[in-house]
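Some terms used for a protein model rest on set criteria. The questions below take several of them in turn and set the values against those criteria.

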Amino acid sequence: MKLNLRNSIAFFDLEATGTNVGTDRIVEISIVKLHPDQGREIYTKRVNPGIPIPLEASLIHGIYDKDIKDEPTFRDIAKEIQAFIGKSDLGGFNVLKYDIPLLVEEFLRSGIDFDLENRNLLDAQKIFFMMEKRNLTAAYKFYCGRNLENAHSAEADTLATLDVFQAQVERYQGEEMEDLQGNKVGIFQNDMKKIHEMVNEKMVDLAGRFVFNSQGQEIFNFGKHKGKTIDQALKEEPGYYDWMMKGDFPLDTKRKLTQVKLRGFGSK
């Protein structure tokens, strides 16, 4: 089916040093520009972010510091990218929450005020989530083949969730499981401990302020110490512990932080 286009659409995807729009940097950009006549142009470029790429990010997209050390910075090619996009609409998957904000941030850091006002922003993920519901009612229909009666009644929802979970275990038994980044995490088994380990493999605290890195170390998942181990961050800035303990963080997060701090103190 041909898309009914008045303007060209620049579908694009970014690989970056992380997911924080304010502090992370692009390491690769790829744009497929679809024209009203259905013709296509492709622009793909690796970018030197000017900062180290955390190992956790490299393991996801496969781009390491050595791969981009001789590549141009975003500032070097910002006008080139702007010219390629031109007046096109912008499209992609999860672009509204991540790719577009990060791209605009990089343009602004390069002294370019990239205009969004006169562009259509087309996010395939948003359409996917809107059209293919991912709530309990949809899961019950998908896994159990029945309509959920009395949805949002606590007992009905709880019973439906149990039915869905049982159906999931039966459906996926023996299948290879991947996390949301596409990394293989194991074979799905009818074993609650193994399911827990696969689903929550990186979780340290319930709020997600800390996660495990690939070496099994607790690292910060937010703020200026993002990507650093808790031990490293607290050695560099001992007062950060007190700031967090006095701050508006969940008690569980503070408990986990204290546990890691005391463990590190005890090992000295």
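Q: Which residue in E2 does Asp-13 stand opposite?
A: Asp-13 stands opposite Ser-30 in E2. The model is a predicted one. In E2, Phe-12 has Ile-31 as its bridge partner.

Q: How do you know that strand E1 and strand E2 pair?
A: Two strands pair if DSSP finds at least two bridges between them. Strand E1 (residues 9-16) and strand E2 (residues 26-34) have eight bridges, in the antiparallel sense. They therefore meet the criterion for pairing.

Q: What makes E2 and E3 a pair, and in which sense do they run?
A: Seven bridges join E2 to E3, where at least two are required, so the two strands count as paired. They run antiparallel.

Q: Why are strand E3 and strand E5 called edge strands?
A: The open sheet has five strands in the order E3-E2-E1-E4-E5, with mixed pairing. Strand E3 (40-46) and strand E5 (121-123) each pair on one side only, which is why they are called edge strands. From one strand to the next the twist averages 20 degrees.

Q: Which strands does helix H3 lie across, and what is its angle to E3?
A: Helix H3 (residues 74-85) lies across E1, E2, E3 and strand E4 (89-92). Helix H3 runs at about 170 degrees to E3.

Q: How do you know that domain 1 and domain 3 are in contact?
A: Contact means heavy atoms within 4.5 Å, and six residues of domain 1 are in contact with five residues of domain 3. The area buried between the two domains is about 400 Å², and carbon and sulfur atoms give 45% of it. In domain 1, Asn-20, Leu-55 and Glu-56 lose the most area to domain 3, together 68% of what that side buries.

Q: How many salt bridges are counted between domain 1 and domain 3?
A: The count is zero. A salt bridge needs a side-chain nitrogen of Lys or Arg within 4 Å of a carboxyl oxygen of Asp or Glu, so no such pair is counted between domain 1 and domain 3.

Conventions: Residues numbered from 1 in each chain as written. Predicted model: local features only at pLDDT ≥ 70, side-chain atom pairs only at ≥ 80, totals over all residues. Heavy atoms only, no water. Helix = DSSP H or I, 4+ residues; strand = E, 2+ residues; numbered from the N terminus. Axes fitted to C-alpha atoms, helices over the stretch in contact; angles between N-to-C directions. Buried area = accessible area lost by both parts, 1.4 Å probe.
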